[in-house]
Every structure is written in C-alpha cells, then in structure tokens.
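Please keep the sequence and the 3D view at hand while reading.

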Amino acid sequence: MPEHAHAGPVRVSDHDLDDLVATVTRLVRDSRKHDEKIARLEEPAALIEDSDLDSIMQPVLSGPSGGAPHHPWTASSSFFILALDGTAYAEELAALTNWVHHLLLPVYGREITTGRPWCGQWSEHPEAVARLHGLWLAWQQLTDAEAGPAGPSTWHRDHLDPAWLQLRSPDGPFGACTTSPARPAHRLLSAPEAVV
C-alpha cells in the first residue's frame, strides 16, 4: 500500500496552514486584479466605431487587390498584431489604441519636434503598430504583480526607451510626419522592394 494512502484525517501544522491561507488569499487577490485588467482591456472596442476601424485599418489590412492580405509567415498561434487578420486585428488595434491614447501618450508623449516627430495617424504606419504593440505586450507582462517590484523599471529600460527612440527618431516611421504640433502632417514612407 502506498505511503500516502492512509486512513484518517490529515494533520497540517499551524505554520503550514498559515502559509496555505496566505497563498490562497494572494491567489484570490491576483485573480481579481487579472479580472480588472481584462475588463479594462476589453473596454477599447467600444471607443472606436466600426466605421472608424475601416479607415484606420485599411492601409495595413488591404492587400494589393484591396482584400485581406495573406501572410505565409504568420504563425497561427501568435498573438502579435501583425499575425492577426480581420476582426482579431481590429479588436487588438482598438485595445492598443486605447492604451496608446490613455496611458502612453499622456505620460510619455513629450513635445513634438523635428528631433522627436509623431503622427496622429500612427495606426496607418505598420512599423509603428508593430513596435507599439510589442511595447504594450511587454507592459502588460512587466506591470503585472507576478513580474515583481522591478518589472516596471525593466519595462522602461528594456522596452520603452529603445522602442520610443526608434519610433520618435527623425529617420523613424514618422520621419515624414508631424514635426510641429502647429503643422500636423502624415505621410507613409515607402518601404524597400523585396528581393526575390
């Protein structure tokens, strides 16, 4: 008969019971925080009207014939925004837009200058969408309680600073866009042709 199979009640020491109660309490608290975070992330879908989504997504989602693009490099299990199509892309872009407009820009936006351009139509720049989405995914992971107290600092150092330098660089994706708030501008830079 196995050692762990015995008749009668199992006695747990008070110390172990206190640890168990603390663990369960922490798990319940973390679960509530996750539920609140999920609820906040689901809110943005209502912030962008369906009619607005078409104009926001058209440059990224349209293939050469105007239909949805086929990306042979897309991983079916990826949650990265460039791997998503149609409704999944629209929902993720809506959530990303909410985060960019309500957290990222108000806190980290800084002044628009020739040295730090920005584009109000950032969602039409595929590189910007990709970089901002990666930044947002890292933010979700590293600001979670499970990331520990150093998580936010790690996010700033390893993710925000390098991504922001690339996005707001004079030769970054917004290099042909707004360099002065008084003169809003938007222009997509052409990408190099693929060599086959």
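This is a predicted model: local features need pLDDT of at least 70, side-chain atom pairs count only at pLDDT 80 or more; totals for chains, interfaces and linings use all residues.

## A bend in helix 5

Helix 5 bends by about 35° at L160, and a proline, P162, follows within four residues.

Which residues of helix 5 are buried? They are G151, W155, L160, A163, W164 and L167, so that L160, the residue at which the bend of about 35° is placed, is itself one of the buried residues of this helix. The cover over these buried residues includes helix 3, which runs over 86–108, and helix 4, which runs over 126–142.

## The chain as a whole

Read from the N terminus on, the elements of the chain follow the order α-α-α-α-α, and the chain holds five helices and zero strands. The chain has 196 residues, of which 32% count as buried. Among the contacts in the chain with a separation of 6 or more, 68% are accounted for by residues 24 or more positions apart.

The accessible surface of the chain comes to about 13000 Å², and 56% of this surface belongs to carbon and sulfur atoms.

## A nonpolar patch

L20, V24 and V28 make a nonpolar surface patch of about 240 Å². V28, one of these residues, lies in helix 1, which covers residues 14–42.

## Two salt bridges

How many salt bridges does a search of the whole structure find? The search finds two. In one of them the side chains of R131 and E127 meet, at 2.8 Å from N to O. R131 and E127 both lie in helix 4, where they are four residues apart, which is about one turn of the helix. R131 is partly exposed, with a relative accessible area of 32%, and E127 is also partly exposed, with a relative accessible area of 36%.

In another salt bridge R157 is paired with D158, and the closest N and O atoms of this pair are 2.6 Å apart. R157 is exposed, since its relative accessible area of 54% is over the limit of 50%, whereas D158, at 39% relative accessibility, counts as partly exposed.

## Residues in the loops

R110 is found in the loop between helix 3 and helix 4. Most residues other than glycine have a negative phi. R110, although it is not a glycine, has a positive phi of about 55°. The relative accessible area of R110 is 66%, and R110 is therefore exposed.

T143 has its place in the loop between helix 4 and helix 5, and with a relative accessible area of 31% T143 is partly exposed. The C-alpha atoms of T143 and S153 are separated by 9.2 Å, and these two residues are 10 residues apart along the chain.

Technical notes: Residues are numbered from 1 along each chain as its sequence is written. Side-chain values use heavy atoms; hydrogens and water are left out. Helices (H or I, at least four residues) and strands (E, at least two) are DSSP runs, numbered from the N terminus. Buried means under 20% relative accessible area, exposed over 50%, partly exposed in between (1.4 Å probe, protein chains only). Contact means heavy atoms within 4.5 Å. Accessible areas come from the Shrake-Rupley method with a 1.4 Å probe; for residues, only the protein chains shown count as cover. The bend at a residue is the angle between axes fitted to the seven residues ending there and the seven starting there. Patches are made of residues with over 30% relative accessible area and no salt bridge: like charges are joined within 9 Å, nonpolar side chains (Val, Leu, Ile, Met, Phe, Trp, Tyr) within 5 Å. A salt bridge is a side-chain nitrogen of Lys or Arg within 4 Å of a carboxyl oxygen of Asp or Glu.
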